[in-house]
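Okay, hi everyone, thanks for coming. Have a look at the structure on the screen, and I'll walk you through a few spots in it.

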Amino acid sequence: MARYFTEEHEWIDVEGDSATVGITDYAQEQLGDIVFVELPDIGAQVAKGKDAAVVESVKAASDVYSPITGEVTEANDALEDDPELVNSSPEEDGWFFKLTIADKSELEGLMDEAAYKSFCDSL
Amino acid sequence: MRYLPLTDSDRGDMLATIGVSDIDDLFVDVPAEARLSGPIEGLPTHASEMAVEKHMRRLSKKNLAAADAAFFCGAGAYRHHVPATVDHIIQRGEFLTAYTPYQPEIAQGTLQMLFEFQSQVAKLYGCAVANASMYDGSTACWEAVAMAGRVTKKKRVVLSGALHPHYAEVVKTMAKFTEDEIAGGLPSMQGSPDDAGLIERIDENTSCVVVQYPDILGRISDLTEIADAAHKKGALLIVVNTEPVALGAIKAPGEMGADIVVGEGQSIGVGLQFGGPYLGLFAVRDPKHVRQMPGRLCGETVDAEGKRGFVLTLSTREQHIRREKATSNICTNSGLCALAFSVHMTLLGEKGLRTLAAENHRLACLAADKLDAIPGVRVLNDAFFNEFTVVLERDARELVRDLAEDDILAGVSLGRLFPHEEALSGGLLVAVTETASEEDIDALCSAISENMA
Amino acid sequence: MNAPNKSGWKPGTPTDATSAMNGPDTVTGNRALMLEEPLIFEIGDSETTGVDFAFASRLDLAGVEQPKQPTAASEHRSRLGGLDRAEKIELPGLSEPETVRHYTRLSRQNYAIDLGLFPLGSCTMKHNPRLNEKVARLPGFADVHPLQPVSTVRGALEVINELAFWLIELTGMHGVAMSPKAGAHGELCGILCIRAALEARGDAREVVLVPESAHGTNPATAAFAGYRVEDIPANADGRVDLEALKARLGPDVAAVMITNPNTCGLFEPDMKAISDAVHEAGGFVYCDGANFNAIVGKVRPGDLGVDAMHINLHKTFSTPHGGGGPGSGPVVLSEALSPFAPLPYTARTDDGTVHLVEEEDAESFAQEHYGTTMQSFGRMTAFHGQMGMFTRALTYILSHGADGLKQVAEDAVLNANYVLRSCEDVLHAPFAKSGPCMHEALFGDKGFGGELTTLDLAKGMIDEGFHPMTMYFPLVVHGAMLIEPTETESKASLDQFIAALRHVSSRAMDGDEGLKSAPYYAPRRRLDETQAARKPVLAWEEPEAPSGTPTQSERGGR
């Protein structure tokens, strides 16, 4: 299993032909208390770099972009009742959605953990 | 200039502190050619309180106040007695001159009132959640249509022909820009609304069905079948109510399956005011739709010491955060009118509201029977609350104008509401509230019978 | 000497110098005049009413004609069509004294202009004259139905028309749409006029340019009207970058939305050049009139090439904010846009009559008086607009006159600059060097010590007895604080505010952690907005009692 990161602070875990997407610890820290997460419908087609979900804190709403193109296969229903999971466990229990990978080559150009860390340090 | 506390010597001292010599030095960014050198020419200069009051009083005298007439106008704005307490409370400076409660620690008065208001509206409408109000009934109606589009992701809107024509016009105007498809029509001149016809028009692409209750002709019918039909096709039922007092007598729209209930709250606490400011009410039956609602919402929480308090919440839906992705561009509610509504409703309570509603219905029944007995006059409605339609054997619009000469405001003619529709020209909407005396009703009846020729 | 002070009463003498808030707990939770108040649902019940419906048999003993006794309801069958509301509504009622007390207690938990300086930037919280309230309540204005025959509402139409006349003169524009219900509604009206005008000439365009510093309503409005929103870059002085704007203009740009004075409190000196460039490219200029108070009577937007501008009557023209509305947002329009204004409207013809033009006669009126077909884009609201606000605004305008309104703008600008220059040494003022501000002074949070933020400073101002300034707006300045004192503050009041702001600012700069817990002295401490949003409680619900306990409604309330 490989984990990649985007400059918009999403992470993506790739396992075979499917992947899991969430937002990073850095992102949840910047947003503050998460109060609501709007997830894509199962079966929705999402495109690389386009809106796939929305994450809301008390005073801000941010779009979450899909790191790659694919079809949504599962959404994390636990976030509906428990949005604070995104704060407490952003990179594990607080995942957003799973999707099929349409084109593996889209993963090229995403950052690995070390590259993302130095990207955040530069902000 | 009684509203300006600075003296010339203050102004001099302050300019010195700022480090300039003349007030125009503070307007340097305005290009000289755009700056006016003196007061705009040809306009009056400042005037005393007495002089202004005199002028405004003179203008007000050119209107016929409802209290000076036998008064039967309705059609979306109703005259009710507003207790003196209501006007006293809304004139308290702490309510009148406060801003939107963005600093909740020093705005609990407004916030608690809004929470109570939302709860009152939700109960009145038979819904789960109401917002903190909107501009008026007509704009709330459009906002409901827009919300139905967001929820269902469909674009076809079915309007009942018996929806207030101004409301229908607002929806049609706005829909031109959002490219929603609007299916409307005219009211059928029958004793009961054409619910079957409406149901036939609902299809798979329909986002919502909009029905007024009581409708523009004052008719009432059970909406359950329409709700079921809409839900079967995946559409929402939006119910519009323009007379909240009616809901002290007849079933709440939420009880009959309405998904969104909107309406005009003016009847309770606000007063006629020639059409505004009024009070848009907006509620949803299913709490899961809350995040798609437009407008402000007040919610309960606790403060740092654990005491209960209230805040504006779920504001990420709104324009100041969402900007171009907001649910609506609305940014004010109708706060002071909501307060008036809430105070009046608190004074009434369920008991008072039911008594008020019963009195309205009693007088309306009395008036309907007396009017129906006049040759050339026929009451159209099978059922009604405090407003009904009579069909005259002459142009109702002219009749209304003629009777106004004798200080009888006989109602609102359908010709005024649906101009150029010959088939409706004999229709007259008569609203009878507790403010009409039985003498007024007799005066109306004899004036109409004398003028039927 | 007689027995001194038989009753034993003595004026209170302070015995302890510790803080008043550190006294013992009270049973009621009240702290003297700081009174806790339950919800109406907790103190009222369905059986109580504060309204009488009794029908007096003889009210007037002086022998005036008496009303008839009511006809018994039983003589008429119910006509409710079997839809009687059987279920309990559960609306609580209170008696009149309890009602007055409930709302009076609530009112005391509010800050208001009547209590003190209310420096919310871009909101123009000026004094609300009480003459306005008195006039609006004259029966000829307050007790008139919107659909009465026109012959019985001539005075109301004259008020609308007289106010329209003033708004046109004060802005140097051609026409005005009076019906929009609030600023944002007016903004929508202006943009819809622009879209209608473009469509009428067969020139569909796609983009509206909005500066990043704009009010959130601007992009929300443009998006609603079907336009794509793009940012206009700003320069280092906080103004529109004219060259960058010119470079972006083209045949796809429908309109440019500009706030002037802008949301940084600065006048856009290139406004005329901006308008000329936009017109050159075939677009229209929308001006957000939220900040008109800075220039009323001094500068006319029409002279700067503006095509449409809404006017918030509750800002510039002193109608009350009422805890968040009702507002009123007439839109002044250029000659090019006027024909597209919404219905209904009023118009005075040469014979002096003011007409009410509605759907019915819009076409014939346009033919007869303008020689064109009707081009209105439609209707935005039922009835004719915020009449109750028109009477108040007109009363205010007549009180000030042309000379007074000019003085309003001058004093508003003077007061803001006085605050700016009195505080720029203790607070970061990002644009102070570029010259004077208009009617509001902008500061940022640069230099705050510790983890302190603008929010902490604002809450500290609450303890000093002031409503905080606008926070975190405009977005272009970090931790923005926008202060608009308005012209109705005296120098003494400004001096006290400045002293407080300087003090709290120094605390913030010094990293005084005590600010994190402010306010200490308000009716509530900081409220948990996260909990409110995560688990929304938006309506009252009767708390679940242990089984066997009668519910409130079963008990009959109290």
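So, where in chain B is B:Pro277 found? It sits in the loop between strand 7 (260-264) and strand 8 (280-284) of chain B. Before I go on, keep in mind that this is a predicted model. Now, the peptide bond that leads from B:Gly276 into B:Pro277 is cis, with omega near 0°. Chain C has a cis bond to show you as well: C:Ala518 and C:Pro519 are joined by one, and omega there is about 0°. To find C:Pro519, look in the loop between helix 13 (491-509) and helix 14 (529-534) of chain C. And why point these out? Most residues other than glycine have a negative phi, and most peptide bonds are trans.

Is B:Phe274 buried or exposed? It's buried, because it has 30 other C-beta atoms within 10 Å, and 20 or more is what counts as buried. Over in chain C, C:Tyr472 is not a glycine either, and has a positive phi of about 55°. You'll find C:Tyr472 in the loop between strand 11 (470-471) and strand 12 (481-483) of chain C. C:Tyr472 has 18 C-beta neighbours inside 10 Å, so it counts as partly exposed.

Next, a helix in chain B. Which residues of helix 12 (residues 396-404) are buried? They are B:Ala396, B:Arg397, B:Leu399, B:Val400 and B:Leu403. If you look down the axis of helix 12 of chain B, those buried residues fall within an arc of 160°, so they line one face of the helix. Here's the background: an α-helix has 3.6 residues a turn, so residues three or four places apart point the same way. And what covers the buried residues of helix 12 of chain B? Among other pieces of chain B, strand 12 (387-392), helix 13 (414-417) and helix 14 (438-450) do.

Okay, now the place where the two chains touch. Here 173 residues of chain C are in contact with 175 residues of chain B. On the chain C side, helix 11 gives the largest share, 22 residues. By class, that side of chain C has 82 nonpolar, 54 polar and 37 charged residues.

Let's stay with helix 11 (residues 387-423) of chain C and see how helix 2 (residues 49-60) of chain B meets it: their axes come within 9 Å and cross at roughly 140°. The two helices are therefore oblique to each other, and the crossing is right-handed. From helix 2 of chain B, the contact uses B:Val52, B:His55 and B:Met56, and from helix 11 of chain C, it uses C:Thr391, C:Thr395, C:Leu398 and C:Ser399. That contact has three nonpolar residues, four polar ones and no charged ones.

Helix 1 (residues 8-18) of chain B packs against helix 11 of chain C too, at an angle of about 40°, with the axes 9 Å apart. Those two helices are oblique as well, but this crossing is left-handed. Residues in the contact include B:Arg11 and B:Met14 from helix 1 of chain B, and C:Tyr418 and C:Arg421 from helix 11 of chain C. Here the classes come out as four nonpolar, three polar and two charged.

How values were computed: Residues numbered from 1 in each chain as written. Chains lettered and ligands numbered in written order. Predicted model: local features only at pLDDT ≥ 70, side-chain atom pairs only at ≥ 80, totals over all residues. Axes fitted to C-alpha atoms, helices over the stretch in contact; angles between N-to-C directions. Helix = DSSP H or I, 4+ residues; strand = E, 2+ residues; numbered from the N terminus. Parallel < 35°, antiparallel > 145°, perpendicular 65-115°, else oblique. Left-handed = near helix turned anticlockwise from the far one by under 90°. Contact = placed C-beta atoms within 7 Å. Nonpolar A, V, L, I, M, F, W, Y, C, P; charged D, E, K, R; others polar. Buried ≥ 20, exposed ≤ 12 C-beta atoms within 10 Å, placed from the backbone. Arc of directions from axis to C-beta.
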